[in-house]
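Grab a pencil and open the viewer. Below are some exercises to work through, each with a solution that goes step by step.

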Amino acid sequence: GYTRYGTFSAGLSLSLDIDERSYDSSGESNEASVDGDDYRKFLLTPLLQYVTKSERDRFELRAQPSIKYDFEDEKTDWDSDFSFSAMRELSRYWTISGYNRYLQSDHYENRSTEKTTQALSSPNLNADPGRRRYIQNSLNLATDYIYQEGSLVKLSFDWDVLRNDDDDDGYEDYDRSAISLRDEHRFTKKWRTVADLSYVLGEYDEFDFDTADARKGSSSDLQEYYILLRLENNSIEHNPLSTSYRYTGVNYEDNDRGDDLIHELQLSWRNDITPHLYTVIGAGPSYKQTRGSDENWGGNGVAELSYRLQHGLLHFRLDKGYKADNFSGTDERGVIDTWAATLKLSYQLSRALTLDSKLVYNYEDREGVSGSNELTADLLPGNTKQRYSSEAGIGFKLFQHQSVRLSYTYSTQDADQAIDTYDDHRVFLSTSWQQDILQW
């Protein structure tokens with residue numbers, strides 16, 4: 001048999017979250033949004049975590065709910081954050097895993113346009129509407145099988161549910177189901193291929209667009225198709241090369257808007273200069289076509305630098321390309337042309353004191369959607385956004401199990417539409433304690 005270990009942990013954090021956002025008042029009036037986005041809340045967040053594991057499996061339960069007191073409205077909100085994960089090796093070659101998280105909150109995570117090793121990326125809520133309460137459940141089931149040394153096949157299923165938890169003016173509800181098949185095959189020590197196929201089904205609540213009365217009650221459901229093919233070669237020591245092809249296709253149930261497709265080809269080179277320093281550079285052509293619109297030729301690319309210091313990390317990454325953006329919780333649909341740059345620096349000044357900072361730039365260009373008659377001539381207008389964000393934080397470890405962190409984030413966005421143009425200031429102060437209570 002296998003030796004089994006178990007841990008029961010508990011924790012508690014006290015936090016103050018202050019977020020002030022001011023919108024551009026030109027054009028469409030947005031006074032309600034301005035008033036609604038002055039955010040000052042105190043959070044009390046307990047933590048309970050149970051982990052049991054052996055050499056062949058691992059199981060974890062985690063509960064981290066929050067009680068929030070709103071200084072603006074003088075009321076109390078209850079947030080939920082419950083998750084579990086499990087992994088089991090059925091044999092030396094076959095593994096199954098599962099994960100589920102239930103989240104009820106009003107804090108979003110900013111979207112990232114970085115390309116990943118997968119054919120598709122996970123949905124993230126749009127930060128533009130400000131703080132809105134929502135319920136989100138994310139489920140992942142996966143299995144992978146090693147069929148030869150250095151080669152495996154993986155099948156996974158994802159189910160994401162978003163539900164609006166505000167009375168009005170919130171996110172748009174949807175169910176997102178995705179199934180993916182991935183094969184990583186090593187031919188020799190120098191040659192390797194990756195093939196990733198994914199299918200996504202998006203089902204939305206009926207949404208009434210203000211821009212066209214004729215569209216009220218129309219369906220926003222869609223299907224997405226993703227293909228990633230990559231060939232890797234490491235004949236040159238510390239200088240691996242790869243060639244990748246990406247296909248993205250989106251079919252909309254609404255016949256008034258055209259389907260999208262994207263083809264991207266990229267050649268990239270990674271240079272492991274030292275064990276602590278590496279660079280990546282890649283570029284290639286892109287083709288984007290929306291049915292009923294002109295075809296677009298462009299470029300895609302990546303530039304990355306990572307340097308691990310003795311007590312810190314410096315990381316920079318720049319991405320350029322097209323991507324489908326259909327699961328941000330808003331009525332925005334379609335393909336966006338993106339630039340994304342991130343610079344991160346973290347440094348540990350002492351065993352107790354840590355500093356970190358981040359600069360982010362995002363550019364998004366979304367084409368408008370035109371209908372087939374006068375009533376639907378301008379269903380969804382195009383929109384260009386430029387967002388700059390900076391963050392600085394300091395963390396201090398008071399005792400073995402207790403720490404304090406203070407962070408400040410400033411974000412500013414310019415957009416064609418006034419409702420998406422804003423300045424945002426956020427201060428977050430927290431003190432937390434976490435400790436293993438039982439071990440066996």
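**Exercise 1. Which residues line the second largest cavity, and which classes do they belong to?**

Step 1: list the lining. The second largest cavity is lined by Glu 332, Ile 336, Glu 364, Arg 366, Asn 383 and Lys 385. Keep in mind that you're looking at a predicted model.

Step 2: sort by class. The lining has four charged residues, one polar and one nonpolar. Ile 336 is the nonpolar one, because Ile counts as nonpolar. Glu, Lys and Arg count as charged.

Step 3: find the elements. S18 and S19 are the ones that give two or more residues to this lining.

Step 4: check the volume. This cavity holds about 30 Å³ of space, and the structure has two cavities of 30 Å³ or more.

**Exercise 2. Tyr 174 and Phe 327 form an aromatic pair: stacked, tilted or edge-to-face?**

Step 1: look at the distance. The ring centres of Tyr 174 and Phe 327 are 5.2 Å apart, and rings pair if their centres lie within 6.5 Å.

Step 2: look at the angle. The planes are 70° apart. Angles over 60 degrees count as edge-to-face, so this pair is edge-to-face.

Step 3: Tyr 174 sits in strand S9 (residues 174-186), while Phe 327 is in the loop between strand S16 (312-324) and strand S17 (335-348). The two are 153 residues apart, so the pair links distant parts of the chain.

Step 4: ask how covered they are. Tyr 174 has a relative accessible area of 2%, so it's buried. Phe 327 comes out at 6%, so it's buried too.

Step 5: look around. Tyr 174, Tyr 204 and Phe 327 form one aromatic cluster. Over the ring of Tyr 204 you'll find the charged end of Arg 333, 4.1 Å from the ring centre.

**Exercise 3. What kind of aromatic pair do Tyr 361 and Tyr 388 form?**

Step 1: the ring centres of Tyr 361 and Tyr 388 are 5.0 Å apart, and the angle between the planes is 45°.

Step 2: Tyr 361 has a relative accessible area of 23%, so it's partly exposed. Tyr 388 is at 40%, so it's partly exposed as well.

**Exercise 4. Which contacts does the side chain of Arg 133 make?**

Step 1: find the residue. Arg 133 is in the loop between strand S6 (94-105) and strand S7 (134-148).

Step 2: check the surface. Its relative accessible area is 12%, so Arg 133 is buried.

Step 3: follow the side chain. The side chain of Arg 133 reaches the backbone oxygen of Trp 78 at 3.1 Å. There's also a polar contact of 3.0 Å with the side chain of Asp 79.

Step 4: look along the chain. Tyr 171 is 38 residues away from Arg 133, and their C-alpha atoms are separated by 8.3 Å.

**Exercise 5. Is Ser 198 buried or exposed, and what does its side chain touch?**

Step 1: Ser 198 lies in strand S10 (residues 191-204).

Step 2: its relative accessible area is 6%, so Ser 198 is buried.

Step 3: the side chains of Ser 198 and Ser 180 are joined by a polar contact of 2.8 Å.

Terms used. Residues numbered from 1 in each chain as written. Predicted model: local features only at pLDDT ≥ 70, side-chain atom pairs only at ≥ 80, totals over all residues. Heavy atoms only, no water. Phe/Tyr/Trp six-rings, centres within 6.5 Å; stacked < 30°, edge-to-face > 60°. Helix = DSSP H or I, 4+ residues; strand = E, 2+ residues; numbered from the N terminus. Buried < 20%, exposed > 50% of the residue type's maximum accessible area, 1.4 Å probe, protein only. Lys NZ or Arg CZ within 6 Å of the ring centre and 35° of its normal. Polar contact = N/O pair within 3.5 Å; in protein donor to acceptor, adjacent residues only side chain to side chain. 1 Å grid on protein atoms, 1.4 Å probe; cavity = no way out; pocket = protein on both sides within 12 Å on 5 of 7 lines; lining within 4 Å. Points joined across faces, edges and corners; volume = space filled by probe spheres on them.
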